[in-house]
Amino acid sequence: MAWHEWPLILFTVLAQTAVGAFILLGAVILSGKLCIGVNDRLHKAMFFIWVLMGLGFMASTMHLGSPLRAFNALNNVGSSWLSNEIFTGSAFFGLGGVYWLLEMLDKGSEKIRKALLVAGMVVGLSFMFSMTKLYLLDTVPTWNTVYTPIAFLSTMVISGLIFGHLLLTGAQHKMAGLDRVLPYIGAVAIVVSLVALVSQLIGLAEIQTSVITAAELIPNMAQLQIIRIGLLLTALAVWFIPNLMNSRPAMPVMGVSFALVLLSELVGRGVFYGLHMTVGL
């Protein structure tokens, strides 16, 4: 496990969770099915999306040694995926934050606020694309595979959906159909994630240098993956409890499910960074 990369582990997982939740809630808001009371409560709950983004950005600056160096990362926007990642991440934070602030203060026209919401969702996807491209390096064969975008997208969908569902539950929304559908969407994403994981583990033995194979980089890989999968499947089971009991989700149930998913994603991302290896000796 590459826990020495904890700033990047936190940044990537929290940012992907925040973007996934923002896109879900943005789609719900744009559907126009929220009453005024639920709409107000949901925007208050969306504050926690910006808490996650803020924590993620603060963690990312620790990777630079000095937080003041963060501004240097913007020097090559357009030609560097690192610069693109920081720029699009900041733009997502800015556009989404301005939208949220206008809603909270009831300022600006409805068209302007919706435009900001849509722009924030689109830039959020661009942020995720830039983050993924940053790790598709020719010199790191264990990252430069289809499994990196699948892993990042899976985190955004699974963790983002559960976090967004948690915020919707806190806002006491009235869309019972959404409560039933979201766990199934999450289940499909988890199945895709697990199939990709098994395929990736099988392929690690084929990635090697003259010194070591990728399969040997993390000696306790099996134990870590068992923990990760166990947390993920337990989270899914908890998420389905309201469906099985034909009841509406409660905050404790959603909170436990989200916490389990978040732990699972952090373990998985630690494994991801632990698989770093370069071509050659």
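Colleague: What is the handedness of the crossing of α7 and α8 in this predicted model?

Modeller: The crossing of α7 and α8 is left-handed. That term applies if the near helix is turned anticlockwise from the far one by less than a right angle.

Colleague: Why are α7 and α8 called roughly antiparallel?

Modeller: Their packing angle is about 165°, and angles over 145 degrees count as roughly antiparallel. The pair is therefore roughly antiparallel. The axes lie 9 Å apart.

Colleague: Which residues of α7 and α8 meet, and what is the make-up of that contact by class?

Modeller: Contact means heavy atoms within 4.5 Å. On the α7 side the residues include Asp-179, Arg-180, Tyr-184, Ile-190, Leu-194 and Leu-201. On the α8 side, Met-221, Arg-228, Leu-232, Trp-239 and Phe-240 are among them. The contact of α7 with α8 divides into 15 nonpolar, four polar and three charged residues.

Colleague: Why does the term roughly antiparallel also describe α1 and α5?

Modeller: Helix α1 covers residues 6-30 and helix α5 residues 110-135, and their axes cross at roughly 150°. The cut-off is over 145 degrees, so α1 and α5 are roughly antiparallel to each other. Their axes come within 10 Å, and the crossing is left-handed.

Colleague: How many cavities are counted, and what is the volume of the largest?

Modeller: The count is one cavity of 30 Å³ or more. The largest cavity has a volume of about 280 Å³. What makes a set of points a cavity is that a 1.4 Å probe fits there but cannot get out.

Colleague: Which elements line the largest cavity, and which gives the most?

Modeller: Two or more lining residues come from each of α6 (147-170), α7 (176-203), α8 (221-244) and α9 (251-274). The most come from α6, with six residues. In total 22 residues line the largest cavity, and Tyr-147, Ala-151, Gln-200, Arg-228 and Gly-268 lie nearest its centre. By class the lining has eleven nonpolar, eight polar and three charged residues.

Definitions and conventions. Residues are numbered from 1 along each chain as its sequence is written. This is a predicted model: local features need pLDDT of at least 70, side-chain atom pairs count only at pLDDT 80 or more; totals for chains, interfaces and linings use all residues. Side-chain values use heavy atoms; hydrogens and water are left out. On a 1 Å grid over the protein atoms alone, a cavity is a set of points where a 1.4 Å probe fits but cannot get out, and a pocket is an open set with protein on both sides within 12 Å along at least five of seven lines; lining residues have an atom within 4 Å of a point. Grid points are joined across faces, edges and corners, and a volume is the space filled by probe spheres set on the points. Helices (H or I, at least four residues) and strands (E, at least two) are DSSP runs, numbered from the N terminus. Ala, Val, Leu, Ile, Met, Phe, Trp, Tyr, Cys and Pro count as nonpolar, Asp, Glu, Lys and Arg as charged, and the others, Gly among them, as polar. Axes are lines fitted to C-alpha atoms, for helices over the stretch in contact, and angles run from 0 to 180 degrees between N-to-C directions. Angles under 35 degrees count as roughly parallel, over 145 as roughly antiparallel, 65 to 115 as roughly perpendicular and the rest as oblique.
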